[in-house]
Amino acid sequence: MPTRDYQALDRAHYLHPFTDFKALGEEGSRIIERAEGVYIHDAEGNRILDGMAGLWCVNLGYGREELVAAATEQMRQLPYYNSFFKTAHPPAIRLAETLCRLAPAHLNHVFFTGSGSEANDTVLRMVRRYWALKGRPEKQWVIGRHNAYHGSTVAGVSLGGMASMHAQGGPRVPKIAHVRQPYWFQEGRPAGQDPEAFGRECALALEVKIQELGEEQVAAFIAEPVQGAGGAIIPPASYWPAVKAVLARYDILLVVDEVICGFGRLGEWFGSVHYDLEPDLMPIAKGLSSGYLPIGGVLVGDRVAETLIEEGGEFFHGFTYSGHPVCAAVAQRNLELLEAEGVVERVRDEIGPYLARRWKALEAHPLVGEARSLGLIGALELVDPESGERFDESLGVGTLCRDLCFAGGLVMRSVGDTMIISPPLVISPAEIDELIEKAHRALDATLAWLADTTTDHQEECLP
Ligand code: PXG
């Protein structure tokens with residue numbers, strides 16, 4: 001079917017996630033038909049390097065036959081059964097065991113969900129349930145961070161700190177507060193602050209909030225090790241140690257949202273390992289199955305698990321697709337492949353450092369105010385070359401740069417004027433070189449567009 005026919009049907013019937021429906025209808029969607037390795041192919045025959053691993057999830061890359069085989073075999077064997085009513089099946093049991101082996105030692109149980117959002121809904125119900133069981137039902141407040149992303153369900157939106165999401169959909173879940181994010185480039189740099197002092201100050205904001213709410217009312221703190229959707233925000237080195245020091249002074253659970261950072265993204269199996277954190281709960285999804293099938297979960301630390309098991313009675317919570325056998329079988333195979341191929345170690349020791357070197361060099365570009373990366377997550381902060389400051393957001397420079405990237409054969413995501421990459425973990429050095437070269441060209445094209453003051457010509461340059 002020709003692209004324009006797909007686009008017409010798409011416009012007529014399909015409401016896309018996080019999309020201005022009308023604007024997209026006028027423009028038409030890009031139709032992606034197939035993919036292999038680190039490349040996607042659109043219906044026009046363009047081959048595009050996927051610098052975002054889908055949506056931060058295709059860690060093993062596209063086209064892995066082993067995952068296809070795992071799904072096919074499991075579909076034949078047992079395509080569906082639930083784990084309610086005293087039943088279970090081998091794929092979910094095996095996956096639970098594998099996850100607990102790979103996770104930090106004190107995390108020995110897992111609750112399965114269908115997505116990261118459902119994982120965070122589970123988190124919210126679980127932390128409040130935990131404190132109720134401990135005889136402290138008043139401990140209900142959860143502290144998150146501004147500009148954090150924890151999902152799109154009502155609990156996910158409420159735990160997250162996205163102002164645009166908070167503004168839609170009516171009242172949020174009560175008793176969730178937000179503190180400042182450790183985003184030095186956006187908040188520390190303009191104030192002339194040293195990054196490490198800034199990181200400590202952000203951690204202090206958590207302590208101030210705990211005291212304001214009263215420790216006896218606070219159930220948990222939730223955070224991503226590196227904020228993903230917020231802008232690939234790698235906190236200053238001082239931040240996590242200072243947060244740990246704050247948490248050590250209070251009896252509050254730590255929830256580390258590993259939906260993006262888990263499964264090798266930062267060069268360790270979990271972001272918590274990289275930052276030496278001891279989460280009580282760890283929501284996971286995305287890279288758990290390399291995105292091949294939807295599956296998420298919450299890894300539960302011994303302290304919470306023992307209480308839920310020994311003192312809890314029935315926990316009235318769960319989903320039809322909790323531990324779905326086909327999703328679990330694919331996730332299991334995915335983890336086995338990550339292990340057998342040493343993918344995580346390779347991110348830490350080889351390809352992550354290689355990306356870091358090449359990515360940092362983009363800082364020499366006049367449009368780039370900062371180039372940061374950790375493992376296989378990276379961000380470029382676009383700035384006005386004249387002033388070195390950020391552009392007026394209404395100019396849409398990040399969106400333009402993203403569109404120019406796409407036209408040049410690279411998927412790079414923009415969050416405002418922050419350009420982001422999170423490529424498949426199996427990307428080769430040559431493919432990184434290609435990514436850098438295409439990013440460089442898109443930056444040049446963006447700069448040329450900005451330098452051209454004649455609007456007519458600017459329009460001609462647009463992809
Ligand atoms: N936690 C984190 C840290 C995430 O990044 C979720 C929870 C929710 O997962 P599900 O599976 O329910 O989507 C996410 C998801 C973006 C973008 O634009 C990021 C996510 C989802 C959609 C878009 O960067 N992250």
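User: Which residue is the bridge partner of Ala379 in strand 15?

Analyst: In this predicted model, the bridge partner of Ala379 in strand 15 is Ile420.

User: What makes strand 12 and strand 15 a pair?

Analyst: Two strands are taken to pair if at least two bridges are found between them, and strand 12 and strand 15 (residues 418–421) are joined over four bridges in the antiparallel sense.

User: Why is strand 12 called mostly covered?

Analyst: A residue counts as buried when its relative accessible area is under 20%, and six of the six residues of strand 12 (residues 377–382) are buried, so the strand is described as mostly covered. Both faces share in this, with Ile377, Ala379 and Glu381 buried on one side, and Gly378, Leu380 and Leu382 buried on the other.

User: What is covered in strand 15, and which strand pairs with it over three bridges?

Analyst: Both faces of strand 15 are covered, since Thr418 and Ile420 on one side and Met419 and Ile421 on the other are all buried, that is, under 20% relative accessible area. The pairing over three bridges is with strand 14 (residues 413–415), in the antiparallel sense, and Val415 of that pairing stands opposite Thr418. Strand 14 and strand 15 form a hairpin with two residues between them, where Gly416 in the turn has a positive phi of about 60°.

User: Why are strand 1 and strand 13 said to stand at the edges?

Analyst: They belong to an open sheet of four strands with the order 1-2-3-13 and mixed pairing. Strand 1 (32–36) and strand 13 (410–411) each have a single partner strand, so one side of each is left without a neighbour in the sheet. Strand 1 pairs with strand 2 (residues 39–42) in the antiparallel sense over four bridges, and Arg34 has His41 of strand 2 as its bridge partner.

User: Why is Thr98 called buried?

Analyst: The relative accessible area of Thr98 is 3%, which is under the 20% cut-off, so Thr98 is classed as buried. Thr98 is found in helix 5 (residues 90–102) and, leaving aside residues up to four places away in sequence, touches Gln332 and Leu335.

User: Which residues have the most contacts inside the largest nonpolar core?

Analyst: The largest nonpolar core has 66 residues, and those with the most contacts inside it are Leu95, Leu99, Phe263, Leu288, Leu299, Leu335 and Trp359. Helix 14 (residues 325–340) gives the most to this core, with eight residues, and the core draws at least three residues from each of domain 1 (31–63 + 342–461) and domain 2 (65–340). Apart from it lies another core, of 43 residues, among them Val179, Cys202, Leu206 and Tyr239. Leu95 touches, among others, Phe112, Leu288 and Leu335, not counting residues up to four places away in sequence.

User: How many residues of domain 1 are in contact with domain 2?

Analyst: 38 residues of domain 1 are in contact with 36 residues of domain 2, where contact requires heavy atoms within 4.5 Å. The centres of the two domains, taken over C-alpha atoms, are separated by 27 Å.

Technical notes
Residues numbered from 1 in each chain as written. Predicted model: local features only at pLDDT ≥ 70, side-chain atom pairs only at ≥ 80, totals over all residues. Heavy atoms only, no water. Core = buried A, V, L, I, M, F, W, Y, C linked by side-chain atoms within 4.5 Å. Buried < 20%, exposed > 50% of the residue type's maximum accessible area, 1.4 Å probe, protein only. Domains from an automatic or database assignment.
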